[in-house]
Amino acid sequence: MNTAAVIAFLVVTSLYLEFEFKGLLVTEATRDLETRANLVSDNLALSPDSEVQEAVAGAARASGTRVTLINRSGTVRADSEAIADEMDDHSTRPEVIKALETGVGTSERYSNTRHLDFIYVAVTDPQNPQADIVRVALPMRQMTTRLEVVRSTIFITVGVLFIAGLALSFVLAQYIVRPIEIVRSAAQELAKGNLEVKVEMNRRDEFGQLVDAFNSMGREMQNRVGQLEDNRREMSTIMDNMAEGLLLVDSGGGVILANRAAEALLITGDKSLIGRPLWETVRLPEVDELLSSLPNLDEPRRIWVEDRTQGTQRRVLGFVATPLFETAKGEKHAVLLISDATEDQKLLEMRQDFVANVSHELKTPLTSISAYVETLLDGAADDESVRVPFLKKIQTNSTRLSKLVSDILNLSRLESGTGDESRQLLDLNELATSCADRHRETATNKDVALTVHKSGQPVIALVNEEDMTEAVDNLIVNAISYTPSGGTVDVRIRRTDLGLLLEVEDTGCGIPEEALSRVFERFYRVDKARSRALGGTGLGLAIVKHVAIKHGGKVDAESEVGKGSKFRISLPAPQPQAQRG
Ligand code: ADP
């Protein structure tokens, strides 16, 4: 393209030069011919008709041109190269017309007489009606020869210039344009995100410095992008390993960012939270309300929402929303933290139930103690027949109260994991025997046969003696309490492949199936009145359960109403080194 333009430029230039030069030559020749015509005119002025042909031929030789003498009417009087009588009327020749008007006339045209292109110059005295017109002419061919020399000179010069230009443009391309092209395409690659791109160029000039600067800019960008990528990865690792769900939302509730936990907590199926409004995925009115309150928040707001959308299972979600904050781009965003608060909520409710139950359980004996004391103070103390029974009632209620308080304290100690953690290796045979012995009298009084079936070998367990004794006591006391006279209570100790077992089986009233799973709950009783009458607190089995769990074991129960119940504590066998120790 460029080369074509250069060639076109050179051709036009050379044509123009030739044109100009030709013009110059013609002007110069015309002026020269005018001078010669004037000289010839002076010489021919006085020539008589008889000598005119001779004089014209002499003038033509002297001036080196063709000379024609024409009278004012246009008749050729003599011509140095033709016979005058044979020549036509010359009054219409442009140079003749012009000469008659102004004294000098010129013209370039084809000569019919000589069959050549000529330059004609005619002169005369326009004021003198006698004066002839002297015309001199030179063939154009003379100038064309000079013009050809000039033309070839121009063409050679132009050709040399063209080759020099080509060479120069090659040099330019090699040393300037190509390197620029390399850097430009590398810069384009860089802009597309290919940060590995590097320009290899061994130059020590300014261009070399530019290339060095470009390469170090690429390296710097690579470092920066690497750092940003590391930060992003670190952030997303942190976010994805958070237990809580984390959402970044805009002021309209559209989700911009969501971590894995958020998706796991809020989505069913393979939809994504990102890029759509939160209300579209999470259809909970409380969350909508929280989102619309974002613009008015000045401190974090926390809500708990019972999620009824995910099947039948009850689920409580906790949402914490921060007030909107402005990002670097000037957009308003807020952070939402989401957690599964189902267990917390359950614990909270259990605690509330427990406090209500404890208050109720404590209130009953206290109310009756205070009623008996009041009655005694009101004068009943003086009546021997009521004083002793009343005092006995007060004693029973005090004992119940004290048992209740000690059970509550025990349970709270077991649940919190604080207190005496000291454990020792004990033979469960011995522990069960001593528990049974403590309650043998009660059993005998009630006509209940209490038997301990020891294992043939010691069944060693790593236990907290006090806690385990309390658990076994509770099971034996319950068994005796809920077994009518004539029944049996059997305590068995066994070692099996699965661990150590301590079973307490009775032939008592049994527990209905629907109640069996709940008897280990605090304050749960199948028959409240009966339990109270028997001095129960409703905490015995809850304590058994916690002791078992604390020892790495469990408790379970089997029962049939009217036939009896079997409670079983399973404990892990201690590790050999613990046994040796
Ligand atoms: P309580 O102090 O009332 O005995 P527990 O927690 O020890 O409280 O027992 C809870 C309930 O389980 C009792 O109220 C009773 O209804 C039932 N229960 C416990 N052990 C037996 C058993 N061996 N036979 C029948 N019912 C029992």
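In this predicted model, the mean position of the 66 positive charges and that of the 85 negative charges are 5 Å apart.

## Overall form

The secondary structure of the protein consists of 16 helices and 18 strands. The radius of gyration is 64 Å, whereas the globule rule gives 25 Å for 581 residues, so the protein is more spread out than a compact globule. Along the principal axes, the C-alpha atoms fill a box of roughly 200 × 60 × 40 Å.

The domain assignment gives four entries: domain 1 (2-139), domain 2 (242-340), domain 3 (346-414) and domain 4 (421-580). Between the C-alpha centres of domain 1 and domain 4 there is a distance of 152 Å.

Of the 581 residues in the protein, 38% are buried. The accessible surface comes to about 34,000 Å², and carbon and sulfur atoms account for 55% of this area.

Leu69 belongs to strand 1, which covers residues 66-70. Its relative accessibility is 2%; because residues under 20% are classed as buried, Leu69 counts as buried. Which residues does Leu69 contact, leaving aside its neighbours within four places in sequence? They are Leu44, Val52, Val56, Thr75, Val76, Arg77, Ala78, Asp132, Ile133 and Val134. Leu69 and Ala84 are 15 residues apart along the chain, and their C-alpha atoms are separated by 9.0 Å.

Arg93 is located in the loop between strand 2 (76-79) and helix 3 (94-102). With a relative accessibility of 16%, Arg93 also falls in the buried class. When neighbours within four places in sequence are left aside, the contacts of Arg93 are Asp88, Arg109 and Arg135.

## A loop residue and a helix residue

Asn194 occupies the loop that lies between helix 4 (141-192) and helix 5 (206-240). Is Asn194 buried or partly exposed? At 30% relative accessibility, Asn194 is partly exposed. Asn194 and Ala321 are 127 residues apart along the chain, with 40 Å between their C-alpha atoms.

Leu291 is part of helix 8, which spans residues 285-292. The relative accessible area of Leu291 is 7%, and the residue is buried. Apart from neighbours within four places in sequence, Leu291 is in contact with Val249, Gly253, Leu278 and Leu336. One of these partners, Leu278, is 13 residues from Leu291 in sequence and 8.8 Å from it in space, C-alpha to C-alpha.

His439 is found in helix 11. At 15% relative accessibility, this histidine is counted as buried. Not counting residues up to four places away in sequence, His439 touches Leu450, Asp473, Ile476, Val477 and Ile480.

Two further residues are described here for their backbone angles. Most residues other than glycine have a negative phi. Asp447 has a phi near 60°, a positive value in a residue other than glycine. The position of Asp447 is in the loop between helix 11 (428-445) and strand 13 (449-453). Phe523 has a phi near 65°, likewise a positive value in a residue that is not glycine. Phe523 is placed in the loop between helix 13 (513-516) and helix 14 (528-533).

Phe523, by contrast, is buried, at 6% relative accessibility.

## Summary of accessibility

The table collects the accessibility of the residues discussed above.

| Residue | Relative accessibility | Class |
|---|---|---|
| Leu69 | 2% | buried |
| Arg93 | 16% | buried |
| Asn194 | 30% | partly exposed |
| Leu291 | 7% | buried |
| His439 | 15% | buried |
| Phe523 | 6% | buried |

Technical notes
Residues are numbered from 1 along each chain as its sequence is written. This is a predicted model: local features need pLDDT of at least 70, side-chain atom pairs count only at pLDDT 80 or more; totals for chains, interfaces and linings use all residues. Side-chain values use heavy atoms; hydrogens and water are left out. Helices (H or I, at least four residues) and strands (E, at least two) are DSSP runs, numbered from the N terminus. The radius of gyration is taken over C-alpha atoms; the globule rule is 2.2 Å times the number of residues to the power 0.38. Buried means under 20% relative accessible area, exposed over 50%, partly exposed in between (1.4 Å probe, protein chains only). Accessible areas come from the Shrake-Rupley method with a 1.4 Å probe; for residues, only the protein chains shown count as cover. Lys and Arg count as positive and Asp and Glu as negative; His and the chain ends are not counted. The place of a charge is taken as NZ of Lys, CZ of Arg, CG of Asp or CD of Glu. Domain bounds come from an automatic or database domain assignment. Contact means heavy atoms within 4.5 Å.
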